[in-house]
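Have the sequence and the structure open as you read.

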Amino acid sequence: MRYAQGGGLTDAERAGRERIRMQAVDRFERGDKNREIAAALRVSERSVERWRRAWRERGETGVLSKGSPGRPRLSEAEIARLEGELERGPLAHGWVDQRWTLARIKTLIGRLFHVSYTVEGIWRLLKRHGWSWQQPARQAIERDDDAVEGVEAGDLAAGKSTAADLGAWIVFEDEAGQSMTPPRARTWGRIGRTPVVRVRGRGSGRVSMAGMTCYKLGQRSRLIYAIREYRGRKDEPKGFGWRDLRDLIVRARIQLGGPIVLVWDNVRLHLTAGMREFMVANAEWLTVFQLPTYAPDLNPTEGIWSLVKRDLGNLAAADLGEITRAVKHRLKKIQYCGDLVEGCLVGSGLSLHGGEQTTS
């Protein structure tokens with residue numbers, strides 16, 4: 001079905017104009033001048049000034065056109081039904097992968113409501129109702145959702161009570177690593193030419209990281225970490241052992257100056273006989289709680305690793321030392337930003353307060 005707008009514009013012509021307006025909005029947000037925008041988009045400065053005025057007054061929706069008067073619209077009830085079907089996922093509607101694309105959503109709307117939208121119309125519809133193009137997080141199929149939902153009311157609630165009774169810090173610990181191959185990060189490129197990041201095919205090694213995010217009501221949130229390089233040499237440890245984690249816990253106690261309620265996952269390294277003996281021998285200042293299996297999103301330290309690896313995106317390192325320096329530099333910057341460390345706790349969906357208090 002083809003829709004025409006005032007002046008006899010076809011769908012393709014209208015879509016082209018909408019793309020220009022969307023590009024103008026992006027440039028407004030970057031702070032580009034009207035003259036630069038007009039030259040880049042090949043439109044008049046008067047048009048750019050009119051769009052900018054509408055953008056200031058009504059935001060992005062003020063810049064985008066109202067569309068064809070004859071275009072079919074979904075009611076609020078139909079929108080609610082559509083959102084419910086989208087949340088069920090593409091698998092529930094017959095697609096083999098778990099990606100919602102504009103074309104697929106267009107097909108779904110046709111199936112559900114027998115209404116035809118353009119792809120650009122789908123984009124505007126979704127954005128208007130709080131949807132965006134995102135990179136999904138991964139979750140293990142083996143994850144126990146009931147155990148995850150019970151964390152706040154169960155183990156973590158007990159941990160908070162213990163920390164309050166002892167005047168202790170709640171400390172979340174986790175490990176991560178980075179090889180010479182950098183994480184892939186999104187970048188701008190010419191349409192039809194996929195950007196290529198050239199990395200060294202030779203060389204091996206790995207940077208191991210162990211970190212602790214530390215929280216206490218009334219105190220600045222803290223980050224304590226350790227780094228180890230593995231270059232593949234004979235008898236060189238590939239990563240952290242339980243003694244390394246033991247020393248990190250002791251260092252955290254010294255730096256924090258008080259008892260610790262330690263929260264971590266149940267990987268084998270945390271369950272060794274030596275670690276268990278250490279925890280029993282130091283029970284007067286160390287209390288340990290374990291997170292559910294396959295629930296890394298409950299650990300705020302995972303957020304720290306995400307911040308670190310974001311800075312490593314597309315890094316063409318010359319050697320392992322450059323990776324190590326980049327990791328250390330980012331972790332050091334995070335250490336001085338208590339708000340970032342606290343934001344990782346908020347991002348995990350956990351809380352240290354019951355309602356009348358807040359973390360500073």
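Leaving aside its neighbours within four places in sequence, Asp-32 touches Arg-27, Ile-37 and Arg-52, where contact means heavy atoms within 4.5 Å. This is a predicted model, so local features need pLDDT of at least 70 and side-chain atom pairs count only at pLDDT 80 or more, while totals for chains, interfaces and linings use all residues. Residues are numbered from 1 along each chain as its sequence is written, and side-chain values use heavy atoms, with hydrogens and water left out.

Where does Asp-32 sit? You'll find Asp-32 in the loop between helix H1 (11-30) and helix H2 (34-41). Helices here are DSSP runs (H or I, at least four residues), numbered from the N terminus. Asp-32 counts as buried because its relative accessibility is 15%, and buried means under 20% relative accessible area (1.4 Å probe, protein chains only).

Now for the helix pair, H10 and H11, which pack at an angle of about 25° with their axes 9 Å apart. Axes are lines fitted to C-alpha atoms over the stretch in contact, and angles run from 0 to 180 degrees between N-to-C directions. So H10 is roughly parallel to H11, a label for angles under 35 degrees. Here is who makes the contact:

| Helix | Residues in the contact |
|---|---|
| H10 | Trp-242, Leu-245, Arg-246, Ile-249, Val-250 |
| H11 | Gly-274, Met-275, Phe-278 |

Zooming out, buried residues make up 39% of the 360 residues in the protein.

Notes: Helices (H or I, at least four residues) and strands (E, at least two) are DSSP runs, numbered from the N terminus. Buried means under 20% relative accessible area, exposed over 50%, partly exposed in between (1.4 Å probe, protein chains only). Angles under 35 degrees count as roughly parallel, over 145 as roughly antiparallel, 65 to 115 as roughly perpendicular and the rest as oblique.
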